[in-house]
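Hello,

Here is the structure we talked about. Please open it alongside this message; my notes follow below.

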Amino acid sequence: MATFRINKNSNYSIISNNFLNDERLSWKAKGILTWLLSRPEGWKIFLKDLQIRSTDGRDSTSSGIDELVEIGYIERTLIREKGIYKGYDYNVYESPRQENRSGKPAA
């Protein structure tokens with residue numbers, strides 16, 4: 001196998017290979033997580049924004065995020081104001097949290 005790399009003087013990210021080798025994750029989820037980890041600190045995540053940055057549609061993007069939530073790479077919190085749904089707040093982790101959204105330990 002030949003691998004052709006570019007010179008990385010600017011516009012690159014340093015990420016752990018651990019999640020890339022996590023066999024519980026689909027290629028889709030690995031791609032979404034890689035992109036999210038490349039965003040600057042404080043970046044706001046909106047599903048619609050993710051959809052327009054790729055060829056995946058709403059359902060595919062949503063299922064990738066759900067997969068990352070279930071395994072523990074993303075923590076998603078529902079935001080409500082006065083009982084009205086306002087969206088979600090997301091925390092993204094380079095390694096999975098010890099507990100996923102169901103409260104069960106991450107495998």
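Leu 78 is found in strand S1. Helices (H or I, at least four residues) and strands (E, at least two) are DSSP runs, numbered from the N terminus. This is a predicted model: local features need pLDDT of at least 70, side-chain atom pairs count only at pLDDT 80 or more, and totals for chains, interfaces and linings use all residues. Residues are numbered from 1 along each chain as its sequence is written, and side-chain values use heavy atoms, with hydrogens and water left out.

Leu 78 is partly exposed, at 38% relative accessible area. The cut-offs are under 20% for buried, over 50% for exposed, and partly exposed in between (1.4 Å probe, protein chains only).

**Salt bridges**

The whole structure has 4 salt bridges. The criterion is a side-chain nitrogen of Lys or Arg within 4 Å of a carboxyl oxygen of Asp or Glu.

- Arg 76 and Asp 66 meet at 3.0 Å, N to O. Arg 76 lies in S1 (residues 74–81) and Asp 66 in helix H3 (residues 58–71), so the pair ties together parts that are 10 residues apart in sequence. Arg 76 is partly exposed at 24%. Asp 66 is partly exposed too, at 28%.
- Asp 49 pairs with Arg 53, with the closest N and O atoms 3.0 Å apart. Asp 49 is buried at 18% relative accessible area, whereas Arg 53 is partly exposed at 46%.
- Asp 59 pairs with Arg 58, with the closest N and O atoms 3.2 Å apart. Both Asp 59 and Arg 58 are exposed.

**The buried side of H1**

Which residues are buried in helix H1 (residues 27–37)? They are Ala 29, Lys 30, Ile 32, Leu 33 and Leu 36. They cover an arc of only 165° around the axis, which puts them on the same side of H1. The arc is that of the directions from the helix axis to the C-beta atoms. An α-helix has 3.6 residues a turn, so residues three or four places apart point the same way. The buried residues of H1 pack against helix H2 (47–52), H3, S1 and strand S2 (84–92). Contact here means heavy atoms within 4.5 Å.

Best wishes
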